[in-house]
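Student: Could we go through this model together? I would like to know what stands behind each of the words used to describe it.

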Amino acid sequence: MSGGGGSPGALAFERFRVGDREEWLMRIGRPHAPAILFVPPLFEEMNRTRALIVATMRRLARGGQCCWLLDLSGTGESERELADVAWGDWRHDVTAAAAYVAEKGKKPLVASLRSGALLDAGAVARGWWRFAPQDGAAVVRDMVRAGLAGVEWAGYAPADGLKAALEQATPAPVRTLRTLRLASDRAEADAKIEGPALWRRSEPGSSAELADALAADLQRWSRECVAF
Amino acid sequence: MAAAPDDSLEVEATLRAVLADVLGLDRARVATFREETPLFGALPEFDSMAVAGLLTELEERLGILIEDHEVDADMMETFGALLNFARTKALR
């Protein structure tokens, strides 16, 4: 470990407070570098994009950014059960994580993947970046369809209230937003990149090319957001 | 929205591309799929989340809508069955 918060590639876990509970953030990068807070997708896509997100974070940390990834309540290292989580809790998690990151170092750019974009609008941020965002109705449709061929909701059991709120959720308008999508996606975006929809795959592995492309795009956008 | 694919070869090419993308299969391998090649239940990559992804990607790339009641194990059992389903939806 060198001084100034450790080597840029070092990984650390920190607890942040949300109301009367605590959740976890993973950090890669020096705390006082320009901050990027990653918001993962929900349910199975969270697992399937984890390696991609961490690979992207490592690249950005080498490029001088400080990257953070939160565990939403009821997922990852959280002590809560998914069944006890309300939709508002997840939005509060993101807002509280962004506040924690700002307090530890710098106001973050919020980088959301897929359904993470449904949770990111309440954060105090210097900008937003969304990769392949989708409506909550599309998430619900995928989970119902996953059940057509096997276990209902692919084995996830969120509360009915959370499902109902998710069905109505859309990515909220935010200032200073860049939206990126895969070239195979017909929806509108500021830019499109080639690459696989890893979140669809049962054994996603990670795509070095996709992580390279995401990190390069985020690095540029992070610099632009400093100027705003 | 782009125009719906207007011939069955294009539907077949789209289906092969979606299978490769969603399941993470090598394109050369997918190119060898024949009508009788078994898919759902035979390929470990073809799990329940992959079913959701496959249907959604087919909808987006073919400009179609698939109802839940149209989905069952039979229509995904072989490459031929899935191709027949995609053609019926896209070319009518």
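Tutor: Let's start with one residue: apart from neighbours within four places in sequence, Val139(A) is in contact with Leu42(A), Ser115(A), Gln134(A) and Leu166(A). Please keep in mind that this is a predicted model.

Student: What makes Val139(A) count as buried?

Tutor: The threshold is 20 or more other C-beta atoms within 10 Å. Val139(A), which lies in helix H3 of chain A, has 22 such neighbours, so it counts as buried.

Student: And what makes Ala154(A) count as buried?

Tutor: Here the count is 20, and 20 or more is what the term asks for, so Ala154(A) counts as buried. You will find this residue in the loop between H3 and helix H4 (160-168) of chain A. Ala154(A) also has a positive phi of about 50 degrees, though it is not a glycine.

Student: Why remark on that?

Tutor: Most residues other than glycine have a negative phi. Ala132(A) is another non-glycine with a positive phi, again about 50 degrees. Its place is the loop between strand E6 (127-131) and helix H3 (136-148) of chain A. With 23 other C-beta atoms within 10 Å, Ala132(A) is buried.

Student: On to the strands. How do you know that E1 and E2 of chain A pair, and in which sense?

Tutor: At least two bridges are needed for a pair. Strand E1 (residues 11-18) and strand E2 (residues 21-28) of chain A have eight bridges, so the two strands pair, and the sense is antiparallel.

Student: What lies between E1(A) and E2(A)?

Tutor: Two residues, and the strands form a hairpin. In the turn, Gly19(A) has a positive phi of about 60 degrees.

Student: Why are E1 and E8 of chain A said to stand at the edges?

Tutor: Read the strand order of chain A first: E1-E2-E4-E3-E5-E6-E7-E8, an open sheet of eight strands with mixed pairing. E1 and strand E8 (191-193) of chain A each have a single partner strand, so one side of each lacks a neighbour in the sheet. From one strand to the next, the twist averages 25 degrees.

Student: Which strands does helix H1 of chain A lie across?

Tutor: Helix H1 (residues 44-62) of chain A lies across E2, strand E3 (35-39), strand E4 (66-70) and strand E5 (109-113) of chain A, at about 160 degrees to E4(A). Helix H2 (residues 87-104) of chain A lies across E1, E2, E3, E4 and E5 of chain A, at about 120 degrees to E1(A).

Student: Which residues touch the most other members of the largest nonpolar core?

Tutor: The core has 87 residues, and those with the most contacts to other members are Ile36(A), Leu37(A), Phe38(A), Cys67(A), Trp68(A), Ala97(A) and Val110(A). Beyond four places in sequence, the contacts of Cys67(A) include Ile28(A), Met57(A) and Leu60(A).

Student: What puts the buried residues on the same side of H4(B)?

Tutor: The buried residues are Phe79(B), Leu82(B), Ala86(B) and Ala90(B). They cover an arc of only 70 degrees around the axis, which puts them on the same side of H4(B). These buried residues pack against helix H1 (8-23) and helix H3 (48-62) of chain B.

Student: How many residues of H3(B) are buried?

Tutor: 13 of its 15 residues, so H3(B) is mostly covered. Just after this helix, Gly63(B) takes a positive phi of about 65 degrees.

Conventions: Residues are numbered from 1 along each chain as its sequence is written. Chains are lettered from A and ligands numbered from 1 in the order in which they are written. This is a predicted model: local features need pLDDT of at least 70, side-chain atom pairs count only at pLDDT 80 or more; totals for chains, interfaces and linings use all residues. Helices (H or I, at least four residues) and strands (E, at least two) are DSSP runs, numbered from the N terminus. Axes are lines fitted to C-alpha atoms, for helices over the stretch in contact, and angles run from 0 to 180 degrees between N-to-C directions. Two residues are in contact if their C-beta atoms, placed from the backbone, lie within 7 Å. A residue is buried if 20 or more other C-beta atoms lie within 10 Å of its own, exposed if 12 or fewer, and partly exposed in between; C-beta atoms are placed from the backbone. The arc is that of the directions from the helix axis to the C-beta atoms. A nonpolar core is a set of buried Ala, Val, Leu, Ile, Met, Phe, Trp, Tyr and Cys residues joined through C-beta atoms within 7 Å.
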